[in-house]
Amino acid sequence: MLAHDFLKKDERSFRPTSSSRSAWYFIALVVAKLLRCVGIFFIDILAKSLHVVTLLWLFKLATSALLVPLQKPFTTGKTLRKPTLARIGKLALWNCLIEVFWFYGITFCGPLRSVLIFELSPSVILIAIVSFFKNNSTTARTRGLFLLLVGFVALMLMDKDSSIEDEHNKSHAHHSGLNHLFYHVIGMFGVADHQGGVFILILALLLRIGYDTSFRHLAVELGGPKKLHSVVSLFSAVLLMPIGLLLFLTGTSHVDGWATFLFWVFVASVLVMVIDFYAEALCFQHVSDPVMAAARWSPVTMFTCALALAYAWYSGQATHAVTGGVIVTFVAFVLGTISLTSSNTPKSRGGHFVGLSDSGTPLFTHGEAFLQRTGRNMMLFVKETLREILANGDSRRIFYFLCVNLSFCGVEFLYGFWTNSLGLISDGFHMLFDCSALVMGLVASVMARWQATKITPTALDALR
């Protein structure tokens with residue numbers, strides 16, 4: 001699913017074909033996403049007993065043990081030559097890096113927060129990036145970009161999950177140098193574990209965008225995504241084997257019964273890495289609008305399921321609790337995903353009735369205020385607004401003073417939170433209200449130079 005699939009296609013609504021199977025395949029995709037969500041919660045439980053890298057290696061072993069005999073990638077289809085195997089090896093290394101970050105993010109900030117971030121569609125992120133820089137971006141996509149930013153900010157500033165800070169080191173068996181490296185990097189920035197996990201998941205999501213593009217290009221050359229997925233899983237298991245075994249032998253584990261533990265590892269790997277992939281592949285083959293189904297409804301389904309599971313799973317617990325920041329992020333991500341995958345086609349709007357002419361004919365205005373207009377991207381809007389502000393002496397002076405005041409306000413807030421100083425924080429709020437008054441003055445200064453709205457001659461005659 002690439003961004004240009006959305007940018008080139010105008011109609012973005014799910015419309016099943018006349019075949020009844022199309023709707024059933026879509027339902028199968030929804031069910032697979034629900035099962036994947038349950039599997040991610042299993043990962044959080046299993047990671048408390050074993051090192052996350054060793055756990056990921058076991059997941060890859062289970063996945064490849066199931067997919068390689070099923071797909072037979074080395075004996076059927078195109079022959080895998082050395083250059084192709086080298087490209088698959090690079091893709092597998094990329095996949096290992098992304099999923100190591102993903103597993104660490106799950107252990108740091110819990111399954112709900114990991115679903116909200118990592119399960120965002122890469123296509124949705126690409127559309128948001130393109131909408132930021134593209135000149136003819138629609139208002140729906142600009143709104144979607146704003147909602148995604150609100151969701152990320154709420155998850156960083158409004159989500160208080162500090163109970164993980166002290167217990168995470170014990171509950172997840174963090175005794176290796178790799179884990180200490182993660183802790184030192186997070187500790188350098190002075191943030192809580194769950195906030196560090198959010199940063200790690202955002203990094204994994206950005207890496208996943210490039211990985212999905214490379215995967216699709218190589219799958220076309222290799223003979224299909226199923227074959228490539230089985231080979232990548234096998235190569236990933238081989239790449240992770242030395243590190244996984246070393247961490248298992250040198251670290252500590254808290255597994256009570258290996259038979260039961262490996263059974264649940266196999267079940268979780270099937271839910272997360274096998275069923276979900278095959279459901280998406282079937283959806284792309286049989287659903288009338290697969291890009292819409294995968295990019296819009298898959299994240300929305302997983303967000304809703306994860307929120308319900310977290311509410312039931314962690315009800316009455318302090319660890320990974322459902323906070324107000326998580327609720328804000330959930331709402332913002334759902335609305336942002338829907339906005340970014342909405343239709344590109346402008347909707348026609350009727351005119352505004354203003355009266356009747358002398359002959360009894362109804363008159364309507366059809367000026368610019370009543371026409372559907374295409375939204376501008378945020379970057380262009382900021383540039384044009386700054387140019388208009390700096391072009392006038394009064395607005396320029398207000399703007400410069402606003403920047404200085406905001407800078408002092410930001411310094412007071414940051415240092416106040418850093419030192420737990422109520423005086424600095426309260427004075428920061430005081431300066432923030434001063435800044436709001438300056439913003440109102442700046443807006444009034446700019447609006448005073450706007451040209452009057454055009455009205456058609458017919459409407460003017462009717463008003464007279």
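This is a predicted model: local features need pLDDT of at least 70, side-chain atom pairs count only at pLDDT 80 or more; totals for chains, interfaces and linings use all residues.
Local features need pLDDT of at least 70 and side-chain atom pairs count only at pLDDT 80 or more, while totals for chains, interfaces and linings use all residues. Residues are numbered from 1 along each chain as its sequence is written, and side-chain values use heavy atoms, with hydrogens and water left out.

The protein chain has 17 helices and two strands; these are DSSP runs numbered from the N terminus, with helices (H or I) of at least four residues and strands (E) of at least two. Of the 464 residues in the protein chain, 45% are buried. Here buried means under 20% relative accessible area, exposed means over 50%, and partly exposed lies in between, with a 1.4 Å probe and protein chains only. Among contacts (heavy atoms within 4.5 Å) between residues at least 6 apart in sequence, 83% join residues at least 24 apart.

Helix H4 (residues 82-118) packs against helix H10 (residues 225-250) at an angle of about 70 degrees, with the axes 8 Å apart. H4 is therefore roughly perpendicular to H10. Axes are lines fitted to C-alpha atoms, for helices over the stretch in contact, and angles run from 0 to 180 degrees between N-to-C directions. Angles under 35 degrees count as roughly parallel, over 145 as roughly antiparallel, 65 to 115 as roughly perpendicular and the rest as oblique. The crossing of H4 and H10 is right-handed; a crossing is right-handed if the near helix is turned clockwise from the far one by less than a right angle, and left-handed if anticlockwise. Ala, Val, Leu, Ile, Met, Phe, Trp, Tyr, Cys and Pro count as nonpolar, Asp, Glu, Lys and Arg as charged, and the others, Gly among them, as polar.

H3 and H4 pack at an angle of about 125 degrees, with their axes 10 Å apart, so H3 and H4 are oblique to each other. Their contact includes Leu55, Phe59 and Lys60 of H3 and Glu99, Phe103 and Tyr104 of H4. Its residues divide into nine nonpolar, two polar and two charged. The axes of H3 and H10 come within 7 Å and cross at roughly 145 degrees, in a left-handed crossing.

A nonpolar core is a set of buried Ala, Val, Leu, Ile, Met, Phe, Trp, Tyr and Cys residues joined through side-chain atoms within 4.5 Å. The largest one has 84 residues, of which Leu55, Phe59, Phe103 and Leu228 touch the most other members. H4 supplies the largest share of this core, 18 residues. Beyond its neighbours within four places in sequence, Phe59 contacts Ile43, Leu46, Phe103, Val265, Ala268, Ser269 and Met273. A second, separate core of seven residues includes Ile389 and Phe399.

Two single residues remain. Ser49 sits in the loop between helix H2 (20-46) and helix H3 (52-71) and is buried, with a relative accessible area of 17%. Gly210, in helix H9 (residues 193-222), is partly exposed at 25%.
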